[in-house]
Amino acid sequence: MEGVKVHPAAEVPDTLFADQDAEARWRARFTAVRMSLPHWAKDAPDRNLYRSNASGVWEIYAWDRATDIHRKVTDRPNGTWYATISDDGERIWWFDDTDGNEFGSWVSEPFAGRAADSAPDPGVTGAIPGYPAGIEVGHEIHAVGVSTDDGTTIFLARNGGPAEVIYANAHDADVSALSRDETLLAIAHSEHGDNRHPALRVVSVADGAVVAEKWDGKGKGLNAIGFSPVPGDQRLLVVHERGGRDELMIWDVAVDSETELAIDLPGELTGAWYPDGRSILVVQTHEVRDTAHRYDVETGELTKLDIPRGTIAGASVRPDGTVEYVWSSAAAPSVVRALYTDGTERVLLEPEGGPAPGSVDLEDAFVPSGDGTVHALIARPPGAADTALPTVFCLHGGPHSADEDRYSAYRAVWLDAGFAVVHVNYRGSTGYGSAWRDASEGRPGLTELDDVAAVHAWVVDKGLADPARCVVTGASWGGYLTLLALGVQPKLWAAGVAGVPVADYLAAYADEMEPLRAFDRSLFGGSPDEVRDRYVECSPITYVDRVRAPVLILAGENDPRCPIRQIDNYLDRLAEREARYEVYRYEAGHGSLVVAETIKQTAVEVHFARRVLGMV
């Protein structure tokens, strides 16, 4: 059966639940209108843009606060994700790719909109197409990063003129920040060979000359947040990890001096400038929940802001000092809120049609293992009996990400279907310090699965999960871990659901976008030409003959991150073994921005697991 081209298609159910209210409720969690944090023009703060799924597809919207008029900017079949607004508020820039393949060019159009029969203008005339690698749009200076198989090129346009190359290198890099006076450009780069721990370079916009460099050495990354919002102030807010976790410092590029901010908070920190440049909005992540604080740069005073327990998905400070942020918790849906300087607050953007139906809180579990304590998050269906339940282990992507106390329509539908849900913040996750995040280096995938196995044993021992009805699922890196788990730990899993996974690592490396190749070289310790055995050892296809549980694979035809050929290789091997498997393919990239498509895929996944476990 070599070269199988037609694989068993997944069943697409018309409904998941016989109860009409239950069916309407789970769908409403996906169709409810959601919005990102508004991003405003620095010198025209009434002019804003944000992302929303209001039309049924994630698109870019303009919002004029002065008139309270909202306008949909983009309208494309597979949606639009990347966008920014010029500092003067005159133009909106968005990334024009094809059907989610992430390869394209930046285009721009007037804030007020373009003629119905006209196309957007090129963002930077003469820039080559590629994968996005950062963008800064000032009044006179436009800087656009482009990633291709040849490396990274940063193009600069002056006063709307043609593209000039200000940076080009075979290694991964991106545009990080433009100074307020538009004389300096900060670039994150990996010329030292490690894009997971970048260095910073600041160049002169006038001629591209290097003004300052900063690299903290092997295994220690630096990430630029932004220059001071005060014109002429060349201080750059930076995230460093010198103390083994993400912390903040201010780098004064003009005199090449730095100040590490001594902020006495556990966990990891990020931040944003207050408009006067005298304070920092500090967001702390500790054990999957966030807090926000105002830090006075001169006095070191730290003031906690009154924000509910949960997760902050983005925060910034308006010119009048109002803190706007996106908040949710596992039980409460995402909302954009405004916290005013007098301590009062309100919902900033009320979603049309009302908020999504709620869900349930997460419970924390700190599971001991031979390699440290693994933080897991557990949810059980409301009113569930105090007995072992069929359980879904939802493994997050990244791997440098984390499951947090945030709202998830996806988690909620599994709970509605009678499953307990377990999230595992395995080694490789963020939020627990640099050593935990980097612990999978040299043995990716297998390291994470050791932690998943420890949590699996713990929830079974506690009587929370039925060991005969455990399902492993995830997307992207979580999909990769799912396929790897089915082959490496076949006795633990009754079924697997892998979305947009790495299935054959050697083929994936050959076909994926260059920034991910650079990521893989850093994670594995080299390319397949250099450490081939390591890629083979950590590849799901190596263990495909050990897979015993039925598996569902979902794949995007245009996915540049987990390309389709390597998934087909894995499916062909399953077919050769006459294994029980199904596949769902769709015409988009690494996931879908179309709400109806997301609902369809979710229904396919839950229906598959219930069929395999005999629950329907």
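Select T84 and W93: T84 stands opposite W93 in β6. Strands here are DSSP E runs of at least two residues, helices are H or I runs of at least four, and both are numbered from the N terminus. This is a predicted model, in which local features need pLDDT of at least 70 and side-chain atom pairs count only at pLDDT 80 or more, while totals for chains, interfaces and linings use all residues. Residues are numbered from 1 along each chain as its sequence is written, and side-chain values use heavy atoms, with hydrogens and water left out.

**Stop 1: the sheet**

Stay with β6, residues 91-97. β5 pairs with β6 in the antiparallel sense, over three bridges. Two strands count as paired if DSSP finds at least two bridges between them. Now show β5, β6, β7 and β8 together. They form an open sheet of four strands in the order β5-β6-β7-β8, with antiparallel pairing. β5 (83-85) and β8 (121-122) stand at the edges; each has a single partner strand, so one side of each is left without a neighbour in the sheet.

**Stop 2: R196**

Next, select R196. R196 sits in the loop between β14 (184-189) and β15 (199-204). Is R196 buried or exposed? R196 counts as buried, at 10% relative accessibility. Buried means under 20% relative accessible area, exposed means over 50%, and partly exposed lies in between (1.4 Å probe, protein chains only).

Show the surroundings. Leaving aside residues up to four places away in sequence, R196 touches H400, R437, D438, E441, F519, S522 and L523. Contact means heavy atoms within 4.5 Å. Draw the distance to S522: the two side chains make a polar contact of 2.9 Å. A polar contact is a pair of N or O atoms within 3.5 Å; within protein, one must be able to donate a hydrogen and the other to accept it, and residues adjacent in sequence count only if both atoms are side-chain atoms.

**Stop 3: salt bridges**

How many salt bridges does a search of the whole structure find? The search finds 43. A salt bridge is a side-chain nitrogen of Lys or Arg within 4 Å of a carboxyl oxygen of Asp or Glu.

Select R611 and E11. Their closest N and O atoms are 3.5 Å apart, in a salt bridge. This pair links distant parts of the chain: R611 is in helix α10 (residues 595-612), E11 is in the segment before α1 (20-31), and they are 600 residues apart. R611 is buried, at 18% relative accessible area, whereas E11 is partly exposed at 41%.

Move to R235 and D233. Their side chains meet in a salt bridge of 2.8 Å, N to O. R235 and D233 are both buried.

Then take R577 and D545. The closest N and O atoms of this salt bridge are 3.9 Å apart. R577 lies in the loop between α9 (564-576) and β36 (581-586), and D545 in the loop between α8 (528-537) and β35 (551-556), so the pair ties together parts that are 32 residues apart in sequence. R577 is partly exposed at 27% relative accessibility, and D545 is partly exposed at 42%.

**Stop 4: R585**

Finally, select R585, in strand β36. R585 is partly exposed, with a relative accessible area of 32%. Its side chain makes polar contacts with the side chains of E557 (2.9 Å) and D568 (2.8 Å). Residues that R585 touches also include A555, I564 and L571.
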